[in-house]
Amino acid sequence: MINYTERLSLLMEDLVARVPTLSPIDMSRVLVFARPGRTKAEGAYATCHCVCLPPSEPGYYFWRDRTTGQLTRRSEWFVTKSPTVRVGSQPIDYMVSFTLPRFTDQLLSRTRKQVHYKGQPNWVGKLDTIVHELYHIDPQGPGIRRMEKADGTYSANCHGDRFFADVVAMVNQYLDTKPDPDVSDFLRYNFRELSERFGGVVGTAFRGYPSYPQRYSEVLDPQPAPPAEVLCRVEPLKIPRVTTSFTEDDLVMREFLPNTSRQLIRKGALRAA
């Protein structure tokens, strides 16, 4: 069987080594994992997740009277935090998830990328997706990369025409370096072809599949003193219990099938990237 997430990790390491814009990325702090995604369903092919953001500023939810606008009640104070993710002794700052089998069946004709890669094979569209997610990693600090507008200010949107143009330029730059074809060869096959060629497709996933580490809220204890203008009834904040710390013990191998997946018995060590 082909370990698809491992092959993606190796390709991402090669991209970081060959594309100067991506070179500040420390791939040892990036975890690649798989999420479910049917081929014919709508949705993202891949997503970059930041798990190194600091806690948010304390806040609360509030309700106002529709007629008077007066504050009638509020929730307890809370903060939003990032989960901790470690593989062995290595802390993870970012995770990149790929939807299987949707990512493997990506077609240029079904995306906006086709205008940039006319005459190119479908696998180049998959390479574009990988570069796209790597480009979201901000080497200057924790968080998703922020894009500057023409006037030098930051855009509220992490995408934009410049972002997509930069990705296309990096894809072409990587291809111009004449990388070893064996590193990206697996991208040439769709899910059916991968299954026939390798006898199946497996990948790293989290034990609680399809869930994975995400930001969570935590009630402050003790509660800060409320400002005078919010002296009103306080509603207890109902926060679901979630796992906030993850290690390699929370990672498993799954075999992916056209419409489902199944967990496999883990053999050998798992690594970040």
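**Around helix α5**

I began just after α5, where glycine 199 takes a positive phi of about 80°; helices here are DSSP runs of H or I with at least four residues, strands are runs of E with at least two, and both are numbered from the N terminus. At the other end I looked for a cap, and asparagine 190 caps the N-terminal end of α5 (residues 191–198), with a side-chain oxygen 3.2 Å from the backbone nitrogen of arginine 192.

I note for the record that this is a predicted model, in which local features need pLDDT of at least 70 and side-chain atom pairs count only at pLDDT 80 or more, while totals for chains, interfaces and linings use all residues. Residues are numbered from 1 along each chain as its sequence is written, and side-chain values use heavy atoms, with hydrogens and water left out.

**The chain as a whole**

I read off 5 helices and 15 strands for the chain, and its C-alpha atoms fill a box of roughly 65 × 50 × 35 Å along the principal axes. Of the 273 residues, 43% count as buried, that is, under 20% relative accessible area with a 1.4 Å probe and protein chains only. Among contacts (heavy atoms within 4.5 Å) with a separation of 6 or more, residues 24 or more positions apart account for 75%.

**Helices α1 and α2**

How do the axes of α1 and α2 cross? I found that the axes of α1 (residues 4–18) and α2 (residues 122–135) come within 11 Å and cross at roughly 70°, the axes being lines fitted to C-alpha atoms over the stretch in contact, with angles from 0 to 180 degrees between N-to-C directions. The two helices are therefore roughly perpendicular to each other, a label that covers 65 to 115 degrees.

For the side chains, I listed Leu8, Leu11, Met12, Leu15 and Val16 in α1, which meet Leu127, Ile130, Val131 and Leu134 in α2. The residues of this contact divide into 9 nonpolar, no polar and no charged, where Ala, Val, Leu, Ile, Met, Phe, Trp, Tyr, Cys and Pro count as nonpolar, Asp, Glu, Lys and Arg as charged, and the others, Gly among them, as polar.

**Two single residues**

I then checked serine 184, which lies in helix α4 (residues 181–184) and is buried, with a relative accessible area of 4%. Leaving aside neighbours within four places in sequence, serine 184 is in contact with Leu11 and Trp123.

Last, I looked up leucine 251 in strand β14 (residues 251–256), which counts as buried at 1% relative accessibility. The C-alpha atoms of leucine 251 and arginine 207 are separated by 5.6 Å, although these residues are 44 apart along the chain.

How values were computed
Polar contact = N/O pair within 3.5 Å; in protein donor to acceptor, adjacent residues only side chain to side chain. Parallel < 35°, antiparallel > 145°, perpendicular 65-115°, else oblique. Buried < 20%, exposed > 50% of the residue type's maximum accessible area, 1.4 Å probe, protein only.
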